[in-house]
Amino acid sequence: MSKKPVLDSFYEVVEELCKELYVKALKDLPPDVREAIKKAYESEQSETGKQVLSTMLENIGVADNRNRLICQDTGIPIYFVKVGNQLIIDFVRLEEAIIKGCQRATVEHPLRSSVVSPFKRENNQNSSGYRIPSIHYDVVQNNDKVEILMVPKGSGSENMSFLKMLIPAEGVRGVKRFILETVAQNIAANPCPPYVVGIGIGGTADMCMKLAKTAAVTRPIGSRNPDPEMAAFEEEMFRSVNELGIGPMGLGGLNTAIAVNVEYAYTHITQNPVAINMQCWPARRARATISEDGQYQIGY
Amino acid sequence: MAEYTLKTPLTEEDVRKLRVGDKVTLEGVIFGIRDANLIRMFDGQVPSPVDLTGAACIHTAPNVRKVGEGKYEPVCIGTTTSSRMDRFTPGLMFEYGVRAVIGKAGMMEASMEAMKKHGGCYLAIVGGAAAWETERIMSIDGVWWEDLMPEAIWKFQTKNFGPLIVAMDSHGNNIYFDVKAKAASKLPEIFKKIGAE
C-alpha cells in the first residue's frame, strides 16, 4: 500500500481539535466513568459515602446542563498521539499544532493555567512551558489515521505517584504488598476516591511509571488487560483495594476504587519494579481520530 | 449527627459545637487560599492583605474570567488537596483568627492541634465537584496578590454553600485518621487472603 501524505489543512484541524479536546475532556465525562460513579452510588452502604457520591452525580449533571468544568484543576495537559505508519507527516508541524491548540483552549475559554516553571514558579498563563504539554508519540502498524487522546491530569492524583524498584527475591508478594500498603497509608483520601489505581509492572524505572500512567488514564473503566494472568491480578487488586474501606473522598465506605488497571513489560533479571499512578474519580479524557485530509471523529 | 447552617464570619462558639460527621452549610463570605499565597504569608513573612478574623478559608485556585481591573467572574471554582497546606494552619488560626478550613482529603497533627487549641474545624467538600461548587458562589468580591495568579487570595460571596462534612473538629477528632487506621488494620487479613503474608 502506498503512503499517504497529509494535506496542509490537516495541521489546522489538529490545532482546532487539540483545543476542543482539552475543553471537552474538562466538561464531558466519558460514559464508562459516569456509569462507574452511578454503580458506586447504588452499592455504597456508608451514609456519608452515599452523600459524597450523590454530590458527584449532581456535579456531572450541573456540568452537562450549565456547560461548566467538572473540576477546577485543568491539570498538566497530556496528549497521547498515535500515528498510523501509512501516513507521511511532518512531526515538527504536528507538535506545533498540538501546543498551539492547548494554549488557545486556555486563553480563549478561558481556563486556569495550572502549569509553572519548577523553581521560579513562573506561569505563562497558557497551560504550556518548557516540555509541556506532555506529548507521547506511538506509531501504529497497518494504520492510516492519527489518534489524539487528551488527558488533563490533575495534581491531586498525580502527586500520589510512587515507584519502587523491588528485587526478584521479593516476587509477586512484594508487588502486592507495595501496592496495598501504599494505597492504605500514603494515597488514601488524597486523589479523590473512588479512583483509578494505575499499576506499572516491569520495564525500566521510566517505562514502569509510563506503564502506570497508561493504565491509570487511557483505559475505559471496566476494561481488562488482555493477558489473563494480568487480568486476574487486576481483579484481585481491585477487590483488595476496596476492602480497605477508605471510601468516597476518604471518609469511609465500600467504594475506594472504580478500577485497578495494570500494564506490564519484561524487565531485567535483577529487577522487579512496580509503579503506581492514580486517576481521580472524574477520570477525564477526550479522543479524536483524524484522516490525512482532515476528516475527523470525536469520542472518548 | 447534627446539621447546621452557619453565617460567616464564624465565632468560637459556632465551631466548638461541631462534631465529626455533622453537616454544615455556610452562608456569606469565604476566602480562597492555597500553596503560593500561604508560602508568601508565612515563609515570606508578608502579612495577609485582608482581615481573616473568624474566616472560613477554602483551599482553591479558581478558573476566572477577567472583566475589569481587579474584577473577575467565576468560571469554575473547586477545591484542592489540603495536606500540602497542613503546616500553615496553626499560623492561620493563631495569628489571623481563621475558624474553618474547607478542603478535601484532610490534614494532619499540626492542624488538629491548632483546631483544638484555637477552636477551629475542617469542613470536607467533595473534590472534583467544582461545577456543583461554582453554582454556590454568587460573586468574586475581592482579589489580592494577583501576581500569583491563579493562586491569589480570593473573596467569594456564597449562598447555600454545602452540605460540607465536619471531618476534623475542635475536640481532637479526625475522620481521615480513623479511616486510615482501619485500613491499616485490615492489611494483614487481606495479605493472608491473597498469599502475600
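Author: Before we start, a nonpolar core here is a set of buried Ala, Val, Leu, Ile, Met, Phe, Trp, Tyr and Cys residues joined through C-beta atoms within 7 Å. A residue is buried if 20 or more other C-beta atoms, placed from the backbone, lie within 10 Å of its own. This is a predicted model, where local features need pLDDT of at least 70, side-chain atom pairs count only at pLDDT 80 or more, and totals for chains, interfaces and linings use all residues. Residues are numbered from 1 along each chain as its sequence is written, while chains are lettered from A and ligands numbered from 1 in the order in which they are written.

Reader: Which residues touch the most other members of the largest nonpolar core?
Author: That core holds 149 residues. The residues that touch the most other members are A:Cys18, B:Cys57 and B:Leu123.

Reader: Which helix gives the largest share of this core?
Author: Helices (H or I, at least four residues) and strands (E, at least two) are DSSP runs, numbered from the N terminus. Ten residues of the core come from one helix of chain A, residues 8-27, and that is helix H1.

Reader: How far apart do the C-alpha centres of domain 1 and domain 2 of chain A lie?
Author: Domain bounds come from an automatic or database domain assignment. For chain A this gives domain 1 (4-27 + 70-154 + 284-299) and domain 2 (156-279). Their C-alpha centres are separated by 26 Å.

Reader: How many residues of domain 2 of chain A are in contact with domain 1 of chain A?
Author: Two residues are in contact if their C-beta atoms, placed from the backbone, lie within 7 Å. Domain 1 of chain A brings seven residues to this contact, and domain 2 of chain A brings five.

Reader: What should helix H6 of chain A span, and what is the distance between its end C-alpha atoms?
Author: The expected span is 1.5 Å times one less than the number of residues. Helix H6 (residues 171-187) of chain A has 17 residues, so it should span 24 Å, which agrees with the distance between its end C-alpha atoms, 23 Å.

Reader: Which helix of chain B do the buried residues of H6(A) pack against?
Author: The buried residues of H6(A) include A:Phe178, A:Ile179 and A:Leu180. Within chain A they pack against strands E6, E7 and E9 and helix H8. Their partner in chain B is helix H6 (175-193).

Reader: Which element supplies the largest share of the side of chain B that touches chain A?
Author: Here 44 residues of chain B are in contact with 48 residues of chain A. Eleven residues of chain B's side come from one element, H6(B).

Definitions and conventions
A residue is buried if 20 or more other C-beta atoms lie within 10 Å of its own, exposed if 12 or fewer, and partly exposed in between; C-beta atoms are placed from the backbone.
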